[in-house]
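Welcome! Have the structure open as you read.

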Amino acid sequence: MANRNLSGMVYNDVTGVVHGSLVQARDVFGGIHFHEAASLPAPCQLPPRPRLVDREATIAQLNALREETTDVPLTVLLTGPVGVGKSALSVAWVHMMSPNFPDGQLYADLRGHSGAGPRSPQEVLGDFLHSLGVPADLIPGEPARRIALYRTVTRDQRVLLLLDDAMTAAQVRPLLPASSMSLTVVTSRYRLAGLLMQGVRGVYVDRFDVEASLALLRDALGSERLEQQHEAASEVVELCMRLPLALSVAAARLAARPSWPLSEMVTALAEEQRTLAALTIGDDVALRSALDLSYRALSPDAARLYRLLSLIPGDRFGGDAVAALAGISKMESRRLLGELTDANLLTDIPDGRLRFHHALVRLHALQLVRAEDSEAQDLAVGRLLAWYLATAACAERRLRPHRTRLPRDAEPPPAEITDFGGPEDALQWLESERANLSAAVSLAHERGREVTAWQLADSMWALFLFMGHHGERVDVEETGLAAARACGDPYAEGKMLNRLGLSLHALGRHDEAVARFEEALAIWRRLGEREREIGSLRRLGLVDAGRGDHDAAIARLTDASVAYQALGADRKTALALIDLAGVLLEQDRGPDAVVHLERARQLLRGVDDAYNRARVGIFLGHAHAGSGDHDRADRELHAALRAMVELGSSEGRAAALEGLGDLAERTGRQGEARRRYEAALETMGQIGSIGYIRIKARLESLGRNPKVRRDK
């Protein structure tokens, strides 16, 4: 049984470097993320609970819906005009409900009206599955399979979802959990009839009444100031059309000017709305006028930054990226971001970054930058892309130090380079910035910065190897390939063809992968790049293995190892041998696999690659266990476990730990096997994940089959 799973490691280490969970999670040892100190907590992704004014009646309506719905999943759709406070109301209510949902509280901004474009259900599902404990390499790329897995994982879970700013019913449907114990809250400006026809309960959120509007101003300005200027306050309320967003923006400006009479705000708002009346209608007049007044109250530097922030391709941004965008120091960036936050134009989010307070605020800033910074836009975008490229390249070097001769020179390096303490920090940054990096690749391509686009796409490969995101990486690499072709660089084109081929192979799209690898092969032969030519042939061998054609895979991988050896490429020779050994183990040819693994170990002794040396030990442990040499298997697996602990690789520790559990089961030590599996099960932290289900099945199998199983 262990040998059957080893082929996954053949396919995972396709470029000969550390792959994170992809290396050892899927088919080798169960995809366990082993954390020795504590199990993973259930996800709790809700934004901070806001302070609500009024809304008691709507909260009561929501509570009633919750109480009367018991045997089916409850989905509530909050609709209403822009700026009415749907998001704040939804966040406040789900916080009230959260104690009833211990298995997870998930949040997604669907960006229905964001300048960054709406999020795809497939992308959100990938994030949700990962948060619920599914190892990244087990998350399918195909939309239908991803939806099916999500429904399986959430089938018996008490989960709560908040889906903010939906554009269409089609964007929401795939995200609805299967459990009757679940609760989903959706916000949208639109009455999504397709959802309501399916039984989703609709709740309309209206604008404030006069008293609630005055209460919001009172919270911001104080009772004394409001009572002394009650008439002017009432006029502000009406000019803001009793919309919480417009009132909040106006209140932020008034709070920053405690000596400013409210009557001056009335005059300013009225004048703004007369100017805007010919250009906008309805609620937009109140919102735009409030935003214009707040904008003009900013310092010149903060106003410039406000405009430039609308150019960031993603919807969240940190201080370092902002500093690069504006060409200012990180300290100055923090100061100006604080000014914009105080003006209620930006909002802090839990991970330390910021976003625009509302999609309309971003659009307001975008209109301003187009009108006032037409010539400076390209310079600002260039600075931002340069920072993304330099920082992604730095993270890449931390994660994959063996990648050499990589061009990352499309943009001049930023004045202040962001560095990382180690691989864990680098991977965390790449994952947190994934949406922005993907959007930056597209932005560079759209603006004709083709070299930047393909180099940035290539620098993201380490992220995709470690974290999966199969469908998204295909999109990124297709853009990177188009950019490489547009700049007429055959070297870049060959690299992006290889990257895209590997991504397609990971999705099981073998015919497409072969086509890309063969295109790359033709380029390398034309350029005389012998080592890269061998690499493309090796990748074709991996596709053969993926198709189940083991004989063809063995032939290609054998040829690749011989060819690498002729070039003196010891590390790549070793990795080809590891791949070859995995295919041999698939055919129960353990003694032959051991020969190749021992040779790979010897070649890796002179290479700074402790991780792959430990991988060799795990393979050898399984090979010796399969052939009955249990003592040697035990030594190999324990040594590999120690190495993975020293390296800080949780995925590697988990792989070695489950390997030891499998060895204990082979030798009839059911008590030890149970302890190993239970420890692994505890580290999963999420009931319902694929790894959890599989290891639990092994535990149950131990109980059903008490007979000692010994290998001959």
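## Two arginines in loops

Arg242 belongs to the loop that runs between helix H12 (230–239) and helix H13 (244–256). This is a predicted model, so local features are described here where pLDDT is at least 70. The phi of Arg242 is positive, near 55°, although the residue is not a glycine. With a relative accessible area of 24%, Arg242 is partly exposed.

Arg111 also has a positive phi without being a glycine, at about 55°. Look for Arg111 in the loop between strand E2 (104–109) and helix H6 (121–131). Is Arg111 buried or exposed? Arg111 has a relative accessible area of 11%, which is under the 20% cut-off, so it counts as buried.

## Rings that meet

How many aromatic pairs does the structure hold? There are eight aromatic pairs. In one of them, the planes of the Trp387 and Trp429 rings stand at 80°, with the centres 5.8 Å apart, so this pair is edge-to-face. Trp387 is part of helix H20 (residues 376–399), while Trp429 is part of helix H21 (residues 423–432), so the pair ties together parts that are 42 residues apart in sequence. Trp387 is buried, at 2% relative accessibility, and Trp429 is buried too, with a relative accessible area of 12%.

Trp429 also pairs with Phe420: the ring centres are 5.8 Å apart and the planes are at 50°, so this pair is tilted. Phe420 is buried, as is Trp429. Elsewhere, ring pairs join Tyr295, Tyr306, Phe317 and Phe356 into a cluster.

| Charged end | Ring it sits over | Distance from ring centre |
|---|---|---|
| Arg257 | Trp260 | 5.5 Å |
| Arg532 | Trp524 | 5.5 Å |

## The nonpolar cores

Which residues touch the most other members of the largest nonpolar core? That core has 138 residues, and the answer is Leu298, Tyr306, Leu309, Phe317, Leu340 and Tyr388. H20 supplies the largest share of this core, with eleven residues. Apart from this core lies another one of 28 residues, including Leu129, Leu132, Val159 and Ala169.

Leaving out residues up to four places away in sequence, Tyr388 touches Ile312, Ala321, Trp429, Glu433, Asn436, Leu437, Ala440 and Leu456.

## Helix H22

Several of those partners bring us to another helix. Helix H22 (residues 434–446) has 13 residues, which at 1.5 Å a residue should span 18 Å; its end C-alpha atoms are 18 Å apart, so the two values agree. The buried residues of H22 are Arg434, Asn436, Leu437, Ser438, Ala440, Val441, Leu443 and Ala444. After H22 comes Gly448, which has a positive phi near 80°.

## A last stop at Met97

Met97 is in helix H5 (residues 86–97), and its 10% relative accessibility means that it counts as buried. Which residues does Met97 contact, leaving aside neighbours within four places in sequence? They are Asn63, Arg66, Leu160 and Leu183. Of these, Leu160 is 63 residues from Met97 along the chain, and the C-alpha atoms of the two are separated by 8.4 Å.

How values were computed. Residues are numbered from 1 along each chain as its sequence is written. This is a predicted model: local features need pLDDT of at least 70, side-chain atom pairs count only at pLDDT 80 or more; totals for chains, interfaces and linings use all residues. Side-chain values use heavy atoms; hydrogens and water are left out. Rings of Phe, Tyr and Trp (its six-membered ring) pair if their centres lie within 6.5 Å; planes under 30 degrees apart count as stacked, over 60 as edge-to-face and the rest as tilted. Helices (H or I, at least four residues) and strands (E, at least two) are DSSP runs, numbered from the N terminus. Buried means under 20% relative accessible area, exposed over 50%, partly exposed in between (1.4 Å probe, protein chains only). A charge sits over a ring if NZ of Lys or CZ of Arg is within 6 Å of the ring centre and within 35 degrees of the ring normal. The expected span of a helix is 1.5 Å times one less than its number of residues. Contact means heavy atoms within 4.5 Å. A nonpolar core is a set of buried Ala, Val, Leu, Ile, Met, Phe, Trp, Tyr and Cys residues joined through side-chain atoms within 4.5 Å.
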